[in-house]
Structure formats: C-alpha cells, structure tokens
Amino acid sequence: GITRHYKFDIKMQNVTRLCHTKGIATVNGQFPGPRIVAREGDRLVVKVANHVQNNITIHWHGIRQLQSGWADGPAYITQCPIQTGQSYVYNFTIVGQRGTLWWHAHISWLRSTLYGPIVILPKRGVHYPFPRPYKEVPVLFGEWWNADPEAVIAQALQTGGGPNVSDAYTINGLPGPLYNCSSKDTFKLNVKPGKTYLLRLINAALNDELFFSIANHTLTVVDVDAVYVKPFETDVIIITPGQTTNVLLKTKPYHPNATFLMMARPYVTGQGTFDNSTVAGILEYNQPPLSTSIKKLPLFKPSLPPLRDTTFVANFTSKLKSLASAQYPANVPQHVDKHFFFTVSLGTNPCPKNQTCQGPTNSTMFAASVNNISFVMPTKALLQAYFLRQSNGVYANDFPSSPLIPFNYTGTPPNNTMVMDETKVVVLPFNTSVELVMQDTSILGAESHPLHLHGFNFFVVGQGFGTFDPKKDPAKFNLVDPVERNTVGVPAGGWVAIRFFTDNPGVWFMHCHFEVHTSWGLKMAWVVPDGKLPNQKLPPPPSDLPKC
Ligand code: C2O
C-alpha cells in the first residue's frame, strides 16, 4: 500500500439550511466534510488542526485500528481532546477492509456537522465480487438542528429531559423539497440509462434509524460496514446510525420519461418525541428525449414502510449474510472462551437535590445503562491511564459480565431499574473468543439500540424477540455465514448475540450510536492487553498525543 496524507482544518463556516443561517464546525469549510479515498493496505496520515472554540477529536468509524489504538479517536477513551489552536496526527493502516466507512467527531454532539465518507477501494488489481459499477456515489444521511446541537444536548443533560428533536434530515447535507424553502437545497443524482451505480449509504444521523428507498428502482445490497455480503434485492433499506450499506442501483435501459424521488424517514421504536419528517433527493436521468422538457416529466415517489414496521426490519436484517467464500471466508469463532450477557436499558435516575428535573416522570432524569451501569466519562483518557499503569482513580476493572440485578423480562416494570454511575471496564486477554448477548430491557418501553464496537468487527450469530434463552437460543446460532459488522441494532424488546476475537491490543469503546443514549451513559469499554508476539503489541503513544 501507499501512504495518503490529508489535512483536516477544523473551522467555523456559515451555512444556511431551512432559511436559517448559523456558524457550524466543519472540516476545511466543507459540509458534509471531505471524502477520504484509499485502498486496502494503504496508510492514512491525517493531520487534524483545531481552529474552533470546542475541544475536538475525530474517529474513523469501523477502521479496525490494528496496533494503532492511539488513532481511534473517542474522547477520553483513547485520547484527550485536541484543544483550540492545537493539532494531532492520526496515523493508521487499513488492514483487511474494503468498502464504505466514515469519519466523525467523537466528542459531545459535534459529529452533527463534522462527518464525511471513507471510501476504501480493493487492492490494485483485485475486483469487486459483483459487476464493476459505472460510477460510485457516497450518500450520507444526516440530521440538522436550527439551534446549536451543543446547546441542545447541554440543555437536555441539565434538565434531565429529552433533547429537542432535529428540524430536518439531510442527504449529503441537503434537506430537500419536502422542507420549508429547501427546494434549492436538494441532493440530485444524475444518471445515465442502462448503467449500474454503486451507492455508498452512510447513516450519520444522531438519533434515528432510517428507511431509504428510490421510487421504481430496486436496490441490490452487496456490502455492509465494509464487509461483502451475499447480494440480495430490496426496494427499501433500513440503516441504523453508524452503519454503512453499499447498494447497486441499476438504471432503466432507456430514458424513462420520468423523474424519481429518493426518500428517507425514521424507523421508530421508542415512546418519546422524534423528528418524523422526510428527506427527499432526486434521481434524474440524463439526455431526456428531445421532445420533452425535463420540467414536465412526471415525478414518482417511493413508498416507505410505516414508522414502526419492526417486521420489515427483522426481515431485512435476517437476509444479511457473509459471503463466506474461499476468497472472503467468514472466520466465525466456533468455540467461546468468555461469555457475556449485557442488558442495555434506557431508564431513569433520581433527580439531584435542589434541582428540578423534566425527565420521564417530571421529577427524574433520563439515564441509560449497560448491566445497570451508567458509564461516567473519565477526565483522563483510559488508554493513556492503562498504558502508563495509572488506572487508579481513573477506572475500575470490574465491569460485570452479567447484570448485577437479575433481569426478568416479564416483570412490570422489569426488575433492574437501579442504575449506578461508574467508570468500569472489562479486561479481555489477548487471543480470546468472546460471545456477547445484548438484551434490550425496555424499562421505558422497548427501544432498539444500535450498538457500535470500536477496534473489532463482530459476527452477528443470532437475534430474537423477548428474553434470550441460554438453553434454547444458542442451538439456533448461525456459525457458518453470519453477517460481519461493527454496528448492530439490538431489537426493541429483543436480543442480539455477537462473537468476536481479541486480536487487537488497546482500549475499545462500545456504545449505543444513538448519540442521546451515549450522552445518558449507554456505553462501556473493553481493555485488551498486548499479546506475546511483536506484532501483537500496542506501540507507545505518538509524541503529539493531546494532553488533558
Ligand atoms: Cu461512530 Cu464510537 O462511534
């Protein structure tokens, strides 16, 4: 591979959306941010310089970061933030991955404007396991607030209530014609007849899973989270925050004498308020027949599933399978060294004295937890504390492997409402195969949680609704061709089982990719010490690693 250099200058830029102009944090003045393009095996060297008032970090979502944990990016997990006027060079190699990933700020809610695509092409001379597309187009879904998202989450945390919902969804930063004064701000995909396009879909929204569809066109799913899957056709995609999905779009053989909308809107499982608006973009064919003007062409709209169509979501996710071919084997751990059972919950904490709270019962605060632990961000970076053997007072090693208070799904309310605020991690020996079952506990009504693991891909070996049954359910696990990814939706009122192998030393964050749930504590970290061989060790930190 070769080394590719990028410079990310974080700076303010005035942007107008929905007739509302505000200054937002951007990379190089671009919104969404610049595209990173590399090949499998290349080294990326990205110098990030912070010229804004906020502290910044950048995370390379889905990049394995093999032996380069210092470049992973989550604030206070692998690094202290880059302060105003300072810079940090992220330096890492892309090993064994090709497809679509993305980068985003990983501190507070700054990722609402600081995000962009990472396009990883196969090694030179290696082909896709599907017909070569005529063109490739990143399609990023985002969420726009007229207010400053930093103020939105700050207010929510102060009052204990839910944050104000977004004012629009966006495609490549553009809300599209269904919103006020946004017709000009519409993403347009111009295509030629008779060609195949590769759309690299990325859900960069903060708090919403999205359905996506293009009128009168079928999509073929070929890759998720930068891992090839067995291709299948669908009219609608479901994509959680953090996930990426590559689809092939075959255009009509001749100019169809029509224009087509593409639309995205949320899949909803929770009881709270949400932004139920719809973003639309336009699929427009080039070279209309001479007699028609493009303005007069009929416009077709896609039909999207109902907002709460969990059946569609379960069907869609059950179709995702690894290629599991000779060239792209699925190395699913066949035996398990360590079992974990995590409850993931959205619940409440009591209101602190001398404060008025606007949480679910008016006198409580929202809190979210894993195994009844609502993770508290440390003030020093975990990875540094671990590496320098200074974990004392920063974090504890005794994160429970199953809930401290036994979980009973049938209780009303379920019997695990006691949440503790702690900074705890699990230490996993190097070369360990791990099985983790994550169970949604629906303390406040069932809600799905897109769980994202840093530093590893995992295999989704099973999922189901209701309570996980350790006696019956493992017999149904798929250990042959389960989908391999980095972000998985724990179904609302259900469970998901994943397996991964600890071949990567470092401190690895795991959290719900609904940003508000992360803010409320639905997060934890795994610590993997070095292996014995030289190529199993984490090198010392780079000299420019930011200080807290
Ligand atoms: Cu895409 Cu920890 O994040």
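Me: How do E7 and E8 pair, parallel or antiparallel?
Reply: In this predicted model, strand E7, residues 99–105, pairs with E8 in the antiparallel sense, and six bridges connect the two.

Me: Which residue in E8 is the bridge partner of Trp-103?
Reply: The partner of Trp-103 is Gly-116 in E8.

Me: And how does E3 run relative to E8?
Reply: Strand E3 (residues 36–39) runs parallel to E8, and four bridges join them. Within this pairing, Arg-39 has Leu-121 of E8 as its bridge partner.

Me: How many residues of E8 are buried?
Reply: Five of the seven residues in strand E8 (residues 115–121) are buried, and the strand is therefore mostly covered.

Me: Is Gln-30 buried or exposed, and why?
Reply: Gln-30 is exposed, because 12 other C-beta atoms lie within 10 Å, and a residue with 12 or fewer counts as exposed.

Me: How far is Gln-30 from Leu-114?
Reply: From C-alpha to C-alpha, Gln-30 and Leu-114 are 9.1 Å apart in space, while 84 residues apart in sequence.

Me: How does E9 join E10?
Reply: Strand E9 (residues 135–144) and E10 run antiparallel and are joined by four bridges. Phe-141 stands opposite Ile-171 in E10.

Me: What about the protein as a whole; how many helices and strands are there?
Reply: The secondary structure comes to four helices and 33 strands.

Me: What is the radius of gyration, and what would a compact globule have?
Reply: The protein has 23 Å; a compact globule of 548 residues would have a value near 24 Å, so the two agree. The C-alpha trace spans about 75 × 55 × 55 Å along its principal axes. Of the 548 residues, 49% count as buried.

Me: Which residues touch the most other members of the largest nonpolar core?
Reply: Ile-498 and Ala-525 do, in a core of 145 residues. Strand E18 (residues 259–267) gives the most to this core, with six residues.

Me: What does Ala-525 touch?
Reply: Leaving out residues up to four places away in sequence, Ala-525 touches Ile-77, Leu-382, Val-425, Val-507, Trp-508, Phe-509 and Met-510.

Me: What does the domain assignment give?
Reply: The assignment gives domain 1 (1–127), domain 2 (128–320) and domain 3 (338–536).

Me: How many residues are in contact between domain 2 and domain 3?
Reply: On the domain 2 side there are 24 residues, in contact with 28 residues of domain 3. Helix H1 (149–159), E15 and helix H2 (310–318) each supply at least two residues of the side of domain 2 that touches domain 3. H1 gives the most to that side, with three residues.

Me: And what separates the centres of those two domains?
Reply: Taken over C-alpha atoms, the centres of domain 2 and domain 3 are separated by 29 Å.

Note on methods:
Residues numbered from 1 in each chain as written. Predicted model: local features only at pLDDT ≥ 70, side-chain atom pairs only at ≥ 80, totals over all residues. Buried ≥ 20, exposed ≤ 12 C-beta atoms within 10 Å, placed from the backbone. Pairing = 2+ DSSP bridges. Rg over C-alpha atoms; globule rule 2.2 N^0.38 Å. Core = buried A, V, L, I, M, F, W, Y, C linked by C-beta atoms within 7 Å. Contact = placed C-beta atoms within 7 Å. Domains from an automatic or database assignment.
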